[in-house]
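Here is a short report on one protein chain. It goes from single residues to the whole fold.

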Amino acid sequence: MIQQRLRSAARLIALLAFAGIALAGCTIEGGVPTPTVVPTPAPIGPIPTGAVIAERMAARSDTWMIGMVDLPPDIYPYPQSAATQRATAPITELLFPAPILTYNYGYTVTGVLERIPTLDNGDVELRKVDVYLDATGAITTTATDVVTQVDQLVITFRWNPQLRWSDGTPVTADDSVFAYELAKAAPPGDAASELLARTAAYEKVDNHTTRAILRPDYVGAAYFMSYWTPLPRHLLQGVDPARVRQSEFAQRPVGYGPYALVERTSTELRFERNPYYFGPAPSASRLVIRAFADFELLRANLLNGNLDLGFADRIPPAMLDRFDSDSSEQTLQVLTVPNPIWEHIVFNLDVPILQDIRVRRAIAYGTNRQAIVDALFDGRTPVLDSWVLPGDQLAAPPDQLTRYPYDPDQARQLLEEAGYTDPDGDGIRATAEGVTLTLQLLTTQGSAVRSEIARRFQQDMHALGIEIEINEAPSEEMFDADGPLYLRQFDLALFGWIAGAEPGGLQLWSCAAVPSESNGYRGENFAGWCFRDADRAVRTADTTLDPVERAEAYLRQQQLWTQELPALPLFQRLSIIVANPGVQGLSPDALAPVTWNVSAWKRK
C-alpha cells in the first residue's frame, strides 16, 4: 500500500462555495437512504445442534451467505450521497472494485489501475496557465485586463488492460470517458457533481489510458481521485442519462469485479464468480446477500448456520451485548471497528450565550462523553479530542491540544465566572440581568443513538444548571438548503459527519464556509466560526501539496479549534462484523467496505 492521503467527496452545495480549492474530508451524515422494504420472514425455531449447523455449512461450502438489515434501493456505482455510498459500498465493491481504495485512512490500488498517479512517477504534470481575474481577484472565464499565471494539474490514469466486463467485453478507456460524459449530461450524485466541478476536461489517450485536466484554480493533495469509474458503454449507450438510476442496469449492474450479479429479489442479491475477473478468484463460486427485517433475525440465522457473516454500521446497544455473549461462548466471532461517522454538537456562535467561551468550555467539561460511549458502544469507540479522527495521520497528538475531560466542578466554576448563578434555587442558572441558561438542542428524528445522546446530554447539563430543550426534526428538514442548519436558526445542533481519508476542512471551518445571505447560504461552517489564524491554517492545510506544510497547518488549526471550541466532538460510531467461527480472512476497516478483500476469505 502506498502511504499517501486522499479525501472523500464533498456535498455539491459546499463545493459551489469552494470550487477549485480542494476535496472535502467530511460530508453530512443525515441518516440512511431509504432501503428496500424487507418482508418479515417466518419465525425461526430453536437453534439447531452443532452437528446440524456444520452439515448446513458444508452443504453450501461453495457459497458465501451474507446478512444485512436492509438492501439499498439501487446499486449504481455512482451514489447519490455519502450516506448512500456507505450503504451500497459492500455490494458495489463486488461488482466495481474501487480503482483507488480508501483503507486505514490512506489509499491503495486494487489492480483496476496499474498505479496511483503522482508527480514522482511522472503521471501528474503541474502546468502553468494564464487566467483572467475579475475585480475581486477571482478567476473568471470572461476576458479582463488582469491576467495571471496559476498551476493546472494534469493527471494520467493507466487502466489495467486485463479488465473485462462480466459479459466478456473488454473494459477500455472509452468506458471511463463514457461515465464522465454520462455524468456531465445528468450528474448522478453529490460526489460526481463535485468531481465535475473541478474537472476542465477528461479524455482518452489510448485504449487503456485516460487523462484528467483539472480546473486551473484547483489545488489539493487528493488530485489523483479525479478518475471516472468505468461504465459499460456497450450496454448503456442510448439510455437517457437522467434515468440511468431508474434503469434495469442500476438494479442489476454488469461490472468488472470478482462477482457478477445474476439475480435480484426483494430480499436477496445472488452473485456468481465472474469468469473474466482479472484478479485472484474468490474461494466460493457463489455469494448471496440476504436482507433481514431486524438484527434478531440476522443473529438467529448466524447462530443456526444459515449465514456465514453479517455486518452493519448501526447496531442497537442491546444487540451489541447479545453478540458479545455469543462471542464469549465462541458461537460467533465478533469484530468491531470505529467507523468514519462521528457525532458532535455544534455551537451557534450568533447566540449571545454561546459567544462566551467560558460557557462553551463549561458545556464541554460538563458532558460525560465517556459515559455515553460506554452506554452505547461498551467503550469500544474513542471520545474525540478534535474534528480530525484519531486514525488519521494528520490528527494532532492529544497532548498538543486543549482537552476537555469530564469535570463538572470545573464546568460550574466557569459558569460562575461567566456570571451565571442560581440565586432563586430553581436549578437553572441566570445572570443578574435575568438571562437564563436555556438552550435548544436540534437533532435528527428517528435515530435511537442521537435520542440517547440528547437525553444524557440534557441530564448532564441539568446537573450544571443549564436547561436543554430537545427538538427532533426529520433529516430532510434539518439538512435542507432552506433548513435550520444552513439558515443557522438553532442554538445547539447534534448530528454526524462522515469523514474521509483526508481531513479536508475548508467547507467546515473556513470563514468563507459560514452560510449567510451574502454567499447564498452555502458552506457548512454552521457554527459561524471565523478566526483569522485558524482560517489561514485550514486554507494552507487543504490546498498545499507539500506534506510537511500540510501537517504543520493541520496541527495549528486543530490547536486553535480546540482552544476556541466552535463544536464539541463526541465520538465515532461503531461498525460490527459478526461471522461464524470458521470464516477466515476478514479484515474490517473504518473506510473500506467489508467486502474489499472478498478474494481472501476462506473457511477452516
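## A proline between two helices

Proline 188 is found in the loop between helix 4 (173–185) and helix 5 (190–198). Helices here are DSSP runs of H or I with at least four residues, strands are DSSP runs of E with at least two, and both are numbered from the N terminus. The model is predicted: local features need pLDDT of at least 70, side-chain atom pairs count only at pLDDT 80 or more, and totals for chains, interfaces and linings use all residues. Residues are numbered from 1 along each chain as its sequence is written, and side-chain values use heavy atoms, with hydrogens and water left out.

Is proline 188 buried or exposed? Proline 188 is buried, at a relative accessible area of 18%. Buried means under 20% relative accessible area, exposed means over 50%, and partly exposed is in between (1.4 Å probe, protein chains only). Which residues does proline 188 touch, not counting those up to four places away in sequence? They are Tyr76, Tyr78, Pro79, Gln80, Ala183 and Arg245. Contact means heavy atoms within 4.5 Å. Pro79 is 109 residues from proline 188 along the chain, and their C-alpha atoms are separated by 7.1 Å.

Phenylalanine 178 lies in helix 4. This phenylalanine is buried, with a relative accessible area of 6%. Leaving aside neighbours within four places in sequence, phenylalanine 178 is in contact with Leu231, Pro232, Arg233, Leu236 and Gln237. Leucine 389 is 211 residues from phenylalanine 178 along the chain, and the two C-alpha atoms are separated by 36 Å.

Valine 254 sits in the loop between helix 7 (248–251) and strand 10 (259–264).

## Valine 373 in helix 11

Valine 373 belongs to helix 11 (residues 369–377). With 0% relative accessibility, valine 373 counts as buried. Beyond four places in sequence, valine 373 touches Asp378, Gly379, Arg380, Thr381, Val383 and Phe571.

The table gives C-alpha separations for some residue pairs.

| Pair | Apart in sequence | C-alpha separation |
|---|---|---|
| Proline 188 and proline 79 | 109 residues | 7.1 Å |
| Valine 254 and leucine 95 | 159 residues | 7.2 Å |
| Valine 373 and phenylalanine 571 | 198 residues | 7.3 Å |
| Phenylalanine 178 and leucine 389 | 211 residues | 36 Å |

Helix 13 (residues 448–464) has 17 residues. From first C-alpha to last, helix 13 reaches 25 Å, close to the 24 Å expected at 1.5 Å a residue. The expected span is 1.5 Å times one less than the number of residues. Which residues of helix 13 are buried? Val449, Arg450, Glu452, Ile453, Ala454, Phe457, Asp460, Met461 and Leu464 are buried. Glycine 465 follows helix 13, and its phi is positive, near 100 degrees.

Arginine 488 is not a glycine, yet its phi is positive at about 60 degrees. Arginine 488 is in the loop between helix 14 (475–478) and strand 17 (492–499). Arginine 488 is buried, with a relative accessible area of 12%.

Leucine 565 has a positive phi near 55 degrees, and it too is a residue other than glycine. Leucine 565 lies in the loop between helix 17 (547–564) and strand 18 (567–579). Its relative accessibility is 2%, which counts as buried.

## The whole chain

How many helices and strands does the protein chain have? There are 17 helices and 20 strands. The radius of gyration is 25 Å, close to the 25 Å that the globule rule gives for 604 residues, so the chain is as compact as a globular protein of that length. That radius is taken over C-alpha atoms, and the rule is 2.2 Å times the number of residues to the power 0.38. Along the principal axes, the C-alpha atoms fill a box of roughly 75 × 75 × 40 Å.

Of the 604 residues, 55% count as buried. Among contacts with a separation of 6 or more, 74% come from residues 24 or more positions apart.
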